[in-house]
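Open the model and keep the sequence beside it.

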Amino acid sequence: MKKIVTALAALAVGATVLTSSIAAQAQDKKFTVALIPGITTDGFYITMRKGAEAAAKALGVDLVFQGAPEFNPVLQVPVLDAIIARKPDAILIAPTDKVQLVEPLKKAHAAGIPVITVDTFIGTGNYQTGAGDADFPLSYIASDNVLGGRIAARALAKSIGEKGKVYVSNVKPGVSTTDQREEGFKDELKNFPNIEVLETQFNDNDSNKAASQLQAVFARNPDLAGIFGANLFSAIGAANGVQQAGQSGKVKVVAFDAPPTIVDNIKTGLIDIAIAQHPAEIGYYGLVSAFAHLTGQSIPVAIGTGFTVMDKDNVDKPEIAQFIYKD
C-alpha cells in the first residue's frame, strides 16, 4: 500500500484541487461506489482496487469490491446483478466481454445507476455518442491498449534485431483489451519488413495450453524469434513453453502486465520484457470520476493512462519498480 500511495501522490495533489469544492457540496451525502473487476485474484485488479481505495478514503466514499474468480462473462453477470440489487450510487466495472455485458449493464442504467467502465469496455468503447445500444456508460478509463501493443511490438523488434518470426499468444477473440493489444502489435510490426508474424494462438486464459502451443509452434518453426503474451497467463504460459523447449534467452518473450510473478521471471531471464500498465491510476481516476458525476460535475468520456517498459536492466530502479502490481 505504501508504494501505491507514493505512486498516487502526484495525482492526489491535483485531485485535491479538483475535488475539494465537490466534496464541500456532498458533506451531507455519503456515496457508495461498486468496483467490479474482471477477476478478483489478478494483481492488476488488486492494484486497481488499491488506487480506488486511496481515492475513496480521500473523498469519504464507501467502496464495494466484488467480482468473480475467473475472467468469464457467465460468472461476472450474476455478480453484476447482485451489485445492482444493492443499489450503489455508481458502478465501476471491467466488462469481461464487450458484447455479452451490454444487456446486463443496461439493467444498471435502467435502474438509474451510473456506469463507468474501467480497463475493458462494451460495444466500441465510444460512449455518450447517441449511437448504438452500448454508448450509455459515462466514461471509459483505461490504458490505450492499441498503443500498448505497439510499444510491445517495438520492444520485441529491438530485442530480436528487427528480424525473425514472432507470434501473439492471446486469450480469445472478443475481449476488448487483448483484441486491441494484438491489433496494435500487428500494425506496428508492419514497419519491420524483416519480421514475419505467424498465426495468433488462443489459449482460453490457460497457461498450460499456452505452453503447449509454444512448443507446437516451435516444432514447426525452429527459427522462432519471439512471442508477445497479450495478458498475464499468455505470457507466463509462453515463457514456460520456451523454457521447456530449452530456448530461454534465444526466443524472446514480451509480457503485458507486471505482477510480481512476471517481475521475478524477468530477473531470472524467463521473460525478457514486460509492458506495465498503471492500474492504480485507473482505479483512482475511476473513483474520482464517479464522485465528480454524483456531485454534479461533468467528466471526460475517456481517460487514458500510461505504460512503463520493464526489463532486467531497469526493473529494480525505484521510478520503475513503483509500477509493479500488488499481490
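**Cores, rings and a helix**

The largest nonpolar core has 63 residues. Ile116, Val118, Leu224, Ile227, Ile262, Leu287 and Met310 have the most contacts inside it. A nonpolar core is a set of buried Ala, Val, Leu, Ile, Met, Phe, Trp, Tyr and Cys residues joined through side-chain atoms within 4.5 Å. Buried means under 20% relative accessible area, exposed means over 50%, and partly exposed lies in between (1.4 Å probe, protein chains only). Helix 3 gives the largest share of this core, eight residues. Helices (H or I, at least four residues) and strands (E, at least two) are DSSP runs, numbered from the N terminus. A second, separate core has 24 residues, among them Ile36, Ile93, Ala134 and Phe136.

This is a predicted model: local features need pLDDT of at least 70, and side-chain atom pairs count only at pLDDT 80 or more, while totals for chains, interfaces and linings use all residues. Residues are numbered from 1 along each chain as its sequence is written, and side-chain values use heavy atoms, with hydrogens and water left out.

Now look at Ile262. Leaving aside neighbours within four places in sequence, Ile262 is in contact (heavy atoms within 4.5 Å) with Leu232, Ala235, Ile236, Ala255, Asp257, Ile271 and Ala274.

Next come the rings. The whole structure holds nine aromatic pairs. Rings of Phe, Tyr and Trp (its six-membered ring) pair if their centres lie within 6.5 Å; planes under 30 degrees apart count as stacked, over 60 as edge-to-face and the rest as tilted. Phe44 and Tyr45 have ring centres 5.0 Å apart and planes at 90 degrees, so this pair is edge-to-face. Phe44 also pairs edge-to-face with Tyr325, at 5.7 Å centre to centre and 70 degrees between the planes. Phe44 lies in helix 3 (residues 43-59) and Tyr325 in the segment after helix 12 (318-321), so the pair ties together parts that are 281 residues apart in sequence. Both Phe44 and Tyr325 are buried. Elsewhere, ring pairs link Phe185, Phe228, Phe256 and Phe307 into a cluster.

Finish with helix 11. Helix 11 is mostly covered, with 13 of its 16 residues buried. Gly296 follows helix 11, with a positive phi near 90 degrees.
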